[in-house]
2 protein chains.
Amino acid sequence: MIDKLIEKMDNLKNPSLLGLDTIFEYLPEKMTKGINTLEDAAKVIKEFNFKLIDKLAPIVACVKIQAACYEMLGVAGMQVYKNTLDYARKNGMYSIADVKRNDIGSTAGFYSKAYLGKIKIGDKEYTPFEGDFATINGYLGEDGLIPFIDDCKKYDKGIFVLVKTSNPSSSQIQNLEVKGVEYKTVYENMAGLLNKLGESTRGKYGYSDVGAVVGATHPNEAEILRNTFKNIFFLVPGYGAQGGTAKDLKCFFDKDKHGAIINNSRGLICAYKMDKYKGMEFDKACYAAAVDMREELYKSIYQGV
Amino acid sequence: MIDKLIEKMDNLKNPSLLGLDTIFEYLPEKMTKGINTLEDAAKVIKEFNFKLIDKLAPIVACVKIQAACYEMLGVAGMQVYKNTLDYARKNGMYSIADVKRNDIGSTAGFYSKAYLGKIKIGDKEYTPFEGDFATINGYLGEDGLIPFIDDCKKYDKGIFVLVKTSNPSSSQIQNLEVKGVEYKTVYENMAGLLNKLGESTRGKYGYSDVGAVVGATHPNEAEILRNTFKNIFFLVPGYGAQGGTAKDLKCFFDKDKHGAIINNSRGLICAYKMDKYKGMEFDKACYAAAVDMREELYKSIYQGV
């Protein structure tokens, strides 16, 4: 799966993705006025997402859809989660189900069926919330990861496992220094595990379908990871609102300008609230911000400016 | 919240809980025959769960509902997830939303609203999937935990954070030995973090609303944790089908026989398939197995047999 994503990013000359972390408060007031049920809130969020996908599908390769935003709207929110994944696919965008799911072996397999694999009921098969990729938390070790990787192989999918997250307190566990093993820290050992598990899924650009989440806010750790693990593709949150800059991102990429995809959520979906794009409809503002982000990243990553 | 759970367990003289990890294949054939849609599968799982709750509410304090089993049935499954949580509450049972959610600060807050807190839409407030407790993965450090803990304080709820999980490969990350910090391993440092964060939520039995998941399959680690962290209550999976025995469980409890609640899923909900309970209706078999489990644990924990 990772080869397809890389090629689409190359074709669009765009290393960024659209993060649909859509919450009710992000929507223009004219869409939310008078609404006070979960069902109606979910309905307008669906409209909002669909318009953004319509507008951005020609220039952005992928959407990342943050499950928490939809789960907090209950069953109606989960319906829109599914609808948004399906609508992205229909419009030719790849999708990342940002669910950070995790559990022990057999139960991890159930989560995998929900987002990547297939569940059989009687003589029929379903993938209830189908993404091209899903995000996973690997704290439980390999038997919580293998069920997902098996589905990646079987159904041409990919995963991104939390390695070094973008938040300030990520160092509390992830940067603990360890002894008696190959790598120096917890996060490097997590990456080492993914490197081993992903070996049999490597594609023609050298990257495997078992990727890592590495925050834009931690360029030092990213540089170590990029140099040590040439075969792990990075999903990079934390650009923009969380403080990561285009300059920080160069070290996430390899010499062929591959190796990472950069998420932007609020900076794109709330662009219409920014001075720079004021007065524009939300979808047009999002498009303009996505073009600006593409140019900024392109300069920094491809031209080293 | 933890005080209420402890008192209910004391009153019922039962340190176990009913794990509703209900999947389609666990149901009696007469319930599943001819079904081939997610919606119909969800419907019979709901019936199955409700009958088990009807039967076991008088003798078991709490249910743990494994989200993966319901998510893989899509939107219809999430509806039954909600229905089962609500039905447990209606019948006086406490509930653990076993969701193992995790994300960075603000997004962790969204997950918390879904399961423990409240989301405001217009002038109305909702908790879409309300449990009394939720399970959480703490790999992201404290700013992924604090939003949940804030809701615990505000709405009288609790969480159980993964510390030492029951699966065989849990040692790969969790048992890494660390240096330069207070505790020797990753899992002990995770517990140390929970201990600190939970301090202001301690109840009259000494336990805080910030508990830990510690697998029955790892009594050595449990003993270290029990001796080091007197204020952390344990949620204990892995008894029965995964290999944990009643004898292994003694070290999870304190001298007052408090400090842990033991999960059993397959051993209870699939009891009707076991030789011992053969020929009984599934709900009656589950009841009989729950009584047997209570006796076994009671002997081992209270009487040291």
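Modeller: Before we start, helices (H or I, at least four residues) and strands (E, at least two) are DSSP runs, numbered from the N terminus. Two strands pair if DSSP finds at least two bridges between them.

Colleague: Fine. What kind of model is this, and how are residues numbered?

Modeller: This is a predicted model, where local features need pLDDT of at least 70 and side-chain atom pairs count only at pLDDT 80 or more, while totals for chains, interfaces and linings use all residues. Residues are numbered from 1 along each chain as its sequence is written, chains are lettered from A and ligands numbered from 1 in the order in which they are written, and side-chain values use heavy atoms, with hydrogens and water left out.

Colleague: Start with strand 3 of chain B. Which strands does it pair with?

Modeller: Strand 2 (residues 62-66) of chain B pairs with strand 3 of chain B in the parallel sense, over five bridges. Strand 6 (residues 133-136) of chain B also runs parallel to strand 3 of chain B, joined by three bridges.

Colleague: Which residues stand opposite D98(B) and I96(B)?

Modeller: Q66(B) is opposite D98(B), and F133(B) in strand 6 of chain B is opposite I96(B).

Colleague: And is strand 3 of chain B covered or open?

Modeller: Mostly covered: in strand 3 (residues 94-101) of chain B, eight of its eight residues are buried. Buried means under 20% relative accessible area, exposed means over 50%, and partly exposed is in between (1.4 Å probe, protein chains only).

Colleague: Which side chains point which way?

Modeller: Y94(B), I96(B), D98(B) and K100(B) point one way, and S95(B), A97(B), V99(B) and R101(B) the other way. In a regular strand the side chains alternate between the two faces of the sheet.

Colleague: D98(B) and K100(B) carry charge. What do they form?

Modeller: A salt bridge, with the closest N and O atoms 2.8 Å apart. The term means a side-chain nitrogen of Lys or Arg within 4 Å of a carboxyl oxygen of Asp or Glu. D98(B) counts as buried because its relative accessibility is 2%, and K100(B) is buried at 8%.

Colleague: How many salt bridges over all chains?

Modeller: The search of the whole structure gives 38.

Colleague: What about R101(A)?

Modeller: Its side chain meets that of E71(B) in a salt bridge, 2.9 Å from N to O. R101(A) lies in strand 3 (residues 94-101) of chain A and E71(B) in helix 4 (residues 67-71) of chain B, so the pair joins two chains. R101(A) is buried, with a relative accessible area of 1%, and E71(B) is buried at 0%.

Colleague: And E7(B), what is its partner?

Modeller: K204(B), at 3.0 Å from N to O. The pair links distant parts of the chain, 197 residues apart: E7(B) is in helix 1 (residues 2-12) of chain B, and K204(B) is in the loop between helix 9 (186-198) and strand 9 (210-214) of chain B. E7(B) is partly exposed at 27% relative accessibility, whereas K204(B) is exposed at 62%.

Colleague: Back to strand 6 of chain B. Is I136(B) buried or exposed?

Modeller: I136(B), which is in strand 6 of chain B, is buried, with a relative accessible area of 0%. I136(B) and V163(B) are 27 residues apart in sequence and 9.8 Å apart in space, C-alpha to C-alpha.
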